[in-house]
Amino acid sequence: MPLMIGSGDIKPYIRWGVRENLWQYSSAEGPVEFDIEAEPFVLDIQGLALGWLKIDAGREWLEWPSLYEPIADPNPQNAPVKEWKRGFAVELMSRKLWGEETVREFSSNAAGALAFATGVYNMCEKDHLDDLMAGKCPVIRVTGAPSKKVGMGTTRDIQFTIEKMIDRPSEFTRVAVEIRNPKGSAQPAPTPKQEPAPAAKPVESDEEF
């Protein structure tokens, strides 16, 4: 049975309106617009999930067993319109961009959003493999989202940089997925060792997301 994801009364979420390049986060008063380019944020690459996502009145989600094991297309074979599309779900963390709920779920089946999620993963694997295999997560800065044509339609290309890799924040709630090392065999992403919290300092750290 499909699972429901991204519901405002289940988990705080982020939505991206591709046509307008509009970013919003959920709140008790309704969606709130924000500028995703204003600050960097942490993306839980260790908890990234791929699957089939159907967006209608709500969101129905069929998650794959792993990033490397897609399940069969759930659309009826002769359906004139495919309601289920390849999608993803991932948690993002920021203490500055989207209110008191610092961790929010971003899920989508839009071509531009899916390209962003897989692009982050591929860049981590290409440029930060040791950190990726050590269970670290990227600090992402979005730098733009220009429109581009895809087939007969259009989407947006979310442009980004990875500022650094950091230990996976304990605030993330998803179980770490298996990360397959391209230089060797598959291995699970390790859970970072939990260190005792440091004593409070009178000056706040600049490294807040």
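Guide: Rings of Phe, Tyr and Trp, the last by its six-membered ring, pair if their centres lie within 6.5 Å. This is a predicted model. In it, Trp16, Trp23, Tyr25, Phe34, Phe41, Phe88, Trp98 and Phe106 form one aromatic cluster.

Visitor: How many aromatic pairs are there by this rule?

Guide: The count is eight aromatic pairs. A pair of aromatic rings is described by the distance of the centres and the angle of the planes. Phenylalanine 34 and tryptophan 98, for instance, lie 5.6 Å apart centre to centre with 80° between the planes, which is edge-to-face. Phenylalanine 34 belongs to strand E4 (residues 32-34) and tryptophan 98 to the loop between strand E8 (84-93) and E9, so the pair ties together parts 64 residues apart in sequence.

Visitor: Are phenylalanine 34 and tryptophan 98 buried or exposed?

Guide: Both phenylalanine 34 and tryptophan 98 are buried. Another edge-to-face pair is formed by phenylalanine 116 and phenylalanine 160, at 5.5 Å centre to centre and 85° between the planes. This pair too links distant parts of the chain, with phenylalanine 116 in helix H1 and phenylalanine 160 in strand E13 (residues 159-167), 44 residues apart. Phenylalanine 116 and phenylalanine 160 are likewise buried.

Visitor: Which residues have the most contacts inside the largest nonpolar core?

Guide: In soluble globular proteins, nonpolar side chains tend to be buried together. Here the largest nonpolar core has 47 residues, and Phe41, Phe106, Phe116 and Ile140 have the most contacts inside it. Helix H1 (residues 111-127) gives the largest share of this core, six residues. Leaving aside residues up to four places away in sequence, phenylalanine 116 touches Phe41, Leu43, Phe106, Ile140, Ile158 and Phe160.

Visitor: What do the totals for the protein chain look like?

Guide: The protein chain has two helices and 15 strands. Of its 209 residues, 42% count as buried. Among contacts between residues at least 6 apart in sequence, 64% join residues at least 24 apart.

Methods
Residues are numbered from 1 along each chain as its sequence is written. This is a predicted model: local features need pLDDT of at least 70, side-chain atom pairs count only at pLDDT 80 or more; totals for chains, interfaces and linings use all residues. Side-chain values use heavy atoms; hydrogens and water are left out. A nonpolar core is a set of buried Ala, Val, Leu, Ile, Met, Phe, Trp, Tyr and Cys residues joined through side-chain atoms within 4.5 Å. Buried means under 20% relative accessible area, exposed over 50%, partly exposed in between (1.4 Å probe, protein chains only). Helices (H or I, at least four residues) and strands (E, at least two) are DSSP runs, numbered from the N terminus. Contact means heavy atoms within 4.5 Å. Rings of Phe, Tyr and Trp (its six-membered ring) pair if their centres lie within 6.5 Å; planes under 30 degrees apart count as stacked, over 60 as edge-to-face and the rest as tilted.
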